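Please look at the sequence and the structure before reading on.

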Amino acid sequence: MKIHPLITTSEALSELCARLAKADFVCVDTEFMRENTYWPELCLIQIADTNEAAAIDPLAKDIDLSPLLDLLVDNEDVLKVFHAGGQDVEIVYNLTGKTPHPIFDTQIAMMAVSQSEQIGYSNLVESWLGMTIDKGARFTDWSRRPLTERQIDYAIGDVTHLARIFPKLLQRLIKTGRGEWLDIEMEKLADPAGYRNDPSEAWQRIKAPGRNPAMLGRLKALAHWRELEAQDKNIPRGRIARDETVADIASHPPKTQADLAKVRGLSAAWKDNEIGKRLMATLEAAKPLTEAEMPARTPRGAPLGKEGALVADLLKLLLKIRSREIDVASRLLARSEDLELLAAGIRELPLLQGWRFEVFGKDALDLVEGKMAFAVVNGRLKMTRIEAPAPEPEAQSEPEAEPLSEPAAEDSE
């Protein structure tokens with residue numbers, strides 16, 4: 001594989017992308033910094049097919065990233081391969097308003113061919129290529145220039161190794177016939193809705209202490225305000241106020257700005273500064289949520305209680321057994337919270353639909369309905385199907401006894 005020098009010009013990038021546009025797939029990775037900013041700062045992009053690989057410097061003066069971004073989001077003929085690519089996809093979305101498509105994530109794919117829940121990249125490389133990655137450059141400052149040779153070599157390795165692993169992993173998927181299991185997961189990863197950052201919806205990410213419409217209205221207003229403040233200053237939202245602080249203020253709103261000095265998690269300076277003033281104005285303008293705005297209630301079914309909790313535990317045990325039997329990550333089959341809902345009587349669940357129902361959900365449903373049981377076979381825990389008991393014969397009725405005749409009445413004298 002040809003490894004190009006660090007690309008810092010629009011001309012070199014355009015020529016590279018023209019060649020990569022003819023590939024069946026490209027492997028993509030990014031290096032970024034986001035510890036001190038609201039928006040992740042893109043510092044390096046790595047890309048490779050089976051023939052060549054390069055690192056691109058997005059911070060290079062006057063470089064035009066359009067050819068690369070067009071390849072990622074507009075070229076439907078080239079598959080884009082990532083590993084744990086959620087944050088990489090987010091960066092592309094922030095730059096273009098679109099997501100890479102079609103897309104393949106090797107971390108997700110590994111769940112369909114092994115019991116690995118969230119395999120890290122270094123473990124993936126060691127498992128498939130027998131190589132150990134030098135992690136020394138992993139946590140360096142990628143925004144500092146010039147980049148060192150060690151940094152660039154480490155970064156390019158993320159895509160050159162992936163370009164060797166992906167075809168092998170794809171063949172494994174084809175042999176197992178589980179490729180279609182991943183279609184929904186990959187489309188979910190590429191869904192632009194998952195990366196839209198609408199400040200008016202930010203409150204839904206905060207754990208709400210109740211369902212009071214007035215409190216939720218304040219929570220919505222405060223979360224919206226916090227997003228705008230953080231975006232304006234380009235700092236993490238937690239630097240403005242943590243989620244717990246926002247929820248606490250929504251539940252127990254201060255009456256005056258001076259009261260902000262008593263709020264845990266806020267600086268005492270907020271009692272008389274401009275940001276404190278803006279917070280109080282936000283609270284005053286907040287309106288209760290309407291009926292249409294109220295969040296949907298989470299389906300709960302019947303309270304689990306002790307017996308229901310035991311049933312949920314049995315379902316989790318079944319999930320472990322099935323995951324081991326077919327060598328699939330349990331998280332791909334079902335979530336723990338869905339098993340608890342199943343035990344509580346809820347039936348509108350992902351595990352009871354599509355391929356998940358055939359592979360796991362059917363047996364899980366039979367277990368809660370008394371049609372399956374656990375058994376130890378040759379020292380291994382397995383599931384056995386319970387034969388439906390034969391109906392008990394109806395009890396034969398006894399012949400009715402004839403009534404005793406009354407004694408004849410004696411003649412009276």
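## The largest cavity

With four residues, α3 gives the most to the lining of the largest cavity. Helices (H or I, at least four residues) and strands (E, at least two) are DSSP runs, numbered from the N terminus. This is a predicted model, in which local features need pLDDT of at least 70 and side-chain atom pairs count only at pLDDT 80 or more, while totals for chains, interfaces and linings use all residues. Residues are numbered from 1 along each chain as its sequence is written, and side-chain values use heavy atoms, with hydrogens and water left out.

The largest cavity has a volume of about 60 Å³. A cavity is a set of points, on a 1 Å grid over the protein atoms alone, where a 1.4 Å probe fits but cannot get out, and lining residues have an atom within 4 Å of a point. Grid points are joined across faces, edges and corners, and a volume is the space filled by probe spheres set on the points. Among the lining residues are Val 28, Thr 30, Leu 42, Phe 82 and Asp 88. At least two lining residues come from each of β2, β3, α2 (66-74) and α3. By class the lining has nine nonpolar, one polar and one charged residues; Ala, Val, Leu, Ile, Met, Phe, Trp, Tyr, Cys and Pro count as nonpolar, Asp, Glu, Lys and Arg as charged, and the others, Gly among them, as polar.

## The second largest cavity

By this rule there are two cavities of 30 Å³ or more. The second largest cavity holds about 30 Å³ of space. Leu 222, Trp 225, Ala 241, Val 246, Ile 249 and Leu 279 line the second largest cavity. α8 (213-233) and α10 (243-251) each supply at least two residues of this lining. The lining of the second largest cavity has six nonpolar, no polar and no charged residues.

## The open sheet

Six strands form an open sheet with mixed pairing, in the order β1-β4-β3-β2-β5-β6. β1 (2-3) and β6 (103-105) stand at the edges with a single partner strand each, so one side of each is left without a neighbour in the sheet. Two strands pair if DSSP finds at least two bridges between them. Strand β5 (residues 79-82) runs parallel to β6, and three bridges join the two. Val 81 has Phe 104 in β6 as its bridge partner.

Helix α1 (residues 10-20) packs on the sheet and touches β2, β3 (41-48) and β4 (52-56), its direction making about 140 degrees with that of β4. Contact means heavy atoms within 4.5 Å. α6 lies across β1, β2, β3, β4, β5 and β6, and runs at about 140 degrees to β2. Axes are lines fitted to C-alpha atoms, for helices over the stretch in contact, and angles run from 0 to 180 degrees between N-to-C directions.

## Helices α4 and α6

The axes of helix α4 (residues 106-113) and helix α6 (residues 149-176) cross at roughly 35 degrees and come within 10 Å. Residues of α4 that meet α6 include Met 110 and Val 113, and those on the α6 side include Leu 162 and Leu 169. By class, this contact has seven nonpolar, two polar and one charged residues.

The largest pocket has a volume of about 800 Å³. Of its 28 lining residues, Asp 29, Glu 31, Arg 138, Tyr 154 and Asp 158 are the closest to its centre. A pocket is an open set of grid points with protein on both sides within 12 Å along at least five of seven lines. β2 gives the most to the lining of the largest pocket, with six residues. That lining divides into eleven nonpolar, nine polar and eight charged residues.

About 610 Å³ of space lies in the second largest pocket. Met 111, Glu 185, Lys 188, Arg 331 and Arg 356 lie nearest its centre, out of 25 lining residues. α7 gives the most to the lining of the second largest pocket, with four residues.

## The hairpin

Strands β7 (residues 372-377) and β8 (residues 380-385) run antiparallel and are joined by six bridges. Phe 374 stands opposite Met 383 in β8. β7 and β8 form a hairpin with two residues between them, and Asn 378 in the turn has a positive phi of about 55 degrees.
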